[in-house]
Amino acid sequence: MSSGTTVDREFDLVIKTDNGYVPIECKYTKEPIGISTVNEEKYQWLGLPFKIRQFVFSSKSGFDEKEKKQSDLLLFDLDEMHSLDIDD
């Protein structure tokens, strides 16, 4: 990144934990989320003085297989979001 270049750093939600930060990104698209989208979102955190514990993504249409193999990702598709056991 060259001097004077800015990066738009925006996630839908960021949780601060004792072990670092957890950026959460929600995507509502017709197509599964691909590796390029995931990498673009993760790129936002490069150069920031924050320890990232894990990246979390939720996607209406799921994910490409490549994302499922990345250990620093927690992924939820729409069906998984509906099945979360959250008490009122």
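Four strands make up an open sheet of mixed pairing, arranged in the order S1-S2-S3-S4; strands are DSSP runs (E, at least two residues), as are helices (H or I, at least four residues), both numbered from the N terminus, and two strands pair if DSSP finds at least two bridges between them. The edges are formed by strand S1 (13-17) and strand S4 (73-77), each of which pairs on one side only. From one strand to the next the twist averages 15°, where axes are lines fitted to C-alpha atoms and angles run from 0 to 180 degrees between N-to-C directions. The model is predicted, so that local features need pLDDT of at least 70 and side-chain atom pairs count only at pLDDT 80 or more, while totals for chains, interfaces and linings use all residues. Residues are numbered from 1 along each chain as its sequence is written, and side-chain values use heavy atoms, with hydrogens and water left out.

Strands S1 and S2 run antiparallel and are joined by five bridges; together they form a hairpin with two residues between them. In this pairing, lysine 16 stands opposite tyrosine 21 of S2. Strands S2 and S3 run parallel and are joined by four bridges, with glutamate 25 opposite phenylalanine 57 in S3. A right-handed β-α-β unit is made by S2, H1 and S3; a crossover is right-handed if, with the strands pointing away from the viewer, the path from the first strand over the helix to the second runs clockwise. Seven of the eight residues of S2 are buried (under 20% relative accessible area, with exposed over 50% and partly exposed in between; 1.4 Å probe, protein chains only).

Strands S3 and S4 also run parallel, joined by five bridges, and serine 59 stands opposite aspartate 77 in S4. Aspartate 77 counts as partly exposed because its relative accessibility is 24%. Apart from its neighbours within four places in sequence, aspartate 77 is in contact (heavy atoms within 4.5 Å) with Ser59, Gly62 and Phe63. The C-alpha atoms of aspartate 77 and tyrosine 28 are 10.0 Å apart, at a sequence separation of 49 residues.

Two aromatic pairs were counted. Rings of Phe, Tyr and Trp (its six-membered ring) pair if their centres lie within 6.5 Å; planes under 30 degrees apart count as stacked, over 60 as edge-to-face and the rest as tilted. Tyrosine 21 and phenylalanine 50 form an edge-to-face pair, with 4.9 Å from centre to centre and 65° between the planes. This pair links distant parts of the chain, 29 residues apart: tyrosine 21 lies in strand S2 (residues 20-27), and phenylalanine 50 in the loop between helix H1 (35-43) and strand S3 (55-59). The pair of tryptophan 45 and phenylalanine 50 is edge-to-face because the planes are at 70°, with the ring centres 5.9 Å apart.

A charge-ring arrangement involves lysine 60, whose charged end sits over the ring of tyrosine 28 at 4.7 Å from its centre; the criterion is NZ of Lys or CZ of Arg within 6 Å of the ring centre and within 35 degrees of the ring normal.
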